[in-house]
Amino acid sequence: MDKAGSKNISIAQSLPAGDLSPIDLAVLNYPMQSMSLNGKTGIVFGVANKRSIAWAIAQAWHKAGAPLAFTYQGERLKENVEELASTFGPGTLILPCDVSKDDEIASVFKTVGEKFGKLHLLLHSVAFAPKEALESDFLSTSREAFRVAHDVSAYSLVALARGAASWMTEGGSIVAMTYYGAEKVMPHYNVMGVAKASLEACTRYLAYDLGPKKIRVNCISAGPVNTLAARGIAGFTEILKHYEAHSPLKRNVLPEELGATGLFLAGDGAAAITGQVIYVDCGYQIMGM
Ligand code: NAD
């Protein structure tokens, strides 16, 4: 790290935890300025609106120089995604993709592969479980809710990785979003926690299969962020308050910080990291109580 970087970090560390100052933001921008994704191409699954974690990571990848393609789930979200993606240039590729449909996945990778010629980055930032499964107890989870949650939130990583791998001829980085509810019980997270455990296991098996092709597969385990998906979880506001009170950093993670980690995992700085779950949660995961 250069002199300026070290100085910024030491100033940031001396600040009280809590609000972010311009200096904190400079620290967050530091890796973005120094890490280039020039010559790499990527595809982003999971932008619904400007609050989406996928949008934060896409912005970091774009700022680092990677041309990106986007997908959206159905006509309802098309306009939002078009509006956001068009800020990356008029030619930005935007395609429909419901990740539970194999024909849509095949069509996306055919079009993206033909446009870019090769692919280096894939972001999987997609999850779904029927609302009723996230409101009451886990014991009541129906067979259908269990199936849908695992299909959309975990199997989709396998299907997307397979579609992307054939175009990742120079190696690549696949990043998926997970949550701590995969390993500890979070009230109301229910079947989504079980699906995230499957997603994390899929990440390890995919990392093993794709390692010889120099394709890395990792998860970011994010602390709670106020997004459309998060608001579907009963008591989500309480979770945000709990993290603020009990995480070592005494605050919640910012979308820009998830973007910075997404950029790190995409870049050569993470060239020897695969099959991992990286916690970006203000330290909450280390706490016993
Ligand atoms: P979000 O609502 O912005 O994004 C969820 C995305 O999943 C949406 O774009 C939605 O269209 C997409 N999706 C759902 N079903 C789909 C399907 N069948 N086909 C294609 N796309 C589909 O919410 P977010 O919080 O940004 O969620 C992104 C990821 O981050 C999810 O995997 C989520 O579990 C994970 N995550 C979120 C938090 C949080 O607190 N927000 C914390 C940890 C992990």
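## Burial and overall make-up

Of the 289 residues in the protein, 43% are buried; a residue is buried if 20 or more other C-beta atoms lie within 10 Å of its own, exposed if 12 or fewer, and partly exposed in between, with C-beta atoms placed from the backbone. This is a predicted model, where local features need pLDDT of at least 70 and side-chain atom pairs count only at pLDDT 80 or more, while totals for chains, interfaces and linings use all residues. Numbering starts from 1 along each chain as its sequence is written.

The protein has nine helices and seven strands. Here helices (H or I, at least four residues) and strands (E, at least two) are DSSP runs, numbered from the N terminus. Among contacts with a separation of 6 or more, 75% are between residues 24 or more positions apart; a contact means C-beta atoms, placed from the backbone, within 7 Å.

## Helices α6 and α7

Helix α6 (residues 143-165) packs on helix α7 (residues 190-210) at an angle of about 20°, and their axes are 9 Å apart. Axes are lines fitted to C-alpha atoms, for helices over the stretch in contact, and angles run from 0 to 180 degrees between N-to-C directions. That makes α6 roughly parallel to α7 (angles under 35 degrees count as roughly parallel, over 145 as roughly antiparallel, 65 to 115 as roughly perpendicular and the rest as oblique).

On the α6 side, the contact includes F146, H150 and L157, while α7 contributes residues including M192, K196 and L206. The contact residues split into 15 nonpolar, three polar and one charged. For that count, Ala, Val, Leu, Ile, Met, Phe, Trp, Tyr, Cys and Pro are nonpolar, Asp, Glu, Lys and Arg are charged, and the others, Gly among them, are polar.

## Strand β1

Strand β1 (residues 42-45) is covered on both faces: G42 and V44 are buried on one side, I43 and F45 on the other. β1 pairs with strand β2 (residues 68-72) in the parallel sense, over four bridges; pairing takes at least two DSSP bridges. F45 has T71 of β2 as its bridge partner.

G65 sits in the loop between α3 (53-63) and β2. It counts as exposed because it has 12 C-beta neighbours inside 10 Å. Leaving out residues up to four places away in sequence, G65 touches S36, L37 and N38.

Most residues other than glycine have a negative phi. H188, in the loop between β5 (172-178) and α7, has a positive phi near 80°, and K214, in the loop between α7 and β6 (215-222), has a positive phi near 60°. H188 counts as buried, with 20 C-beta neighbours inside 10 Å, whereas K214 has 14 and counts as partly exposed.

Technical notes:
Contact = placed C-beta atoms within 7 Å.
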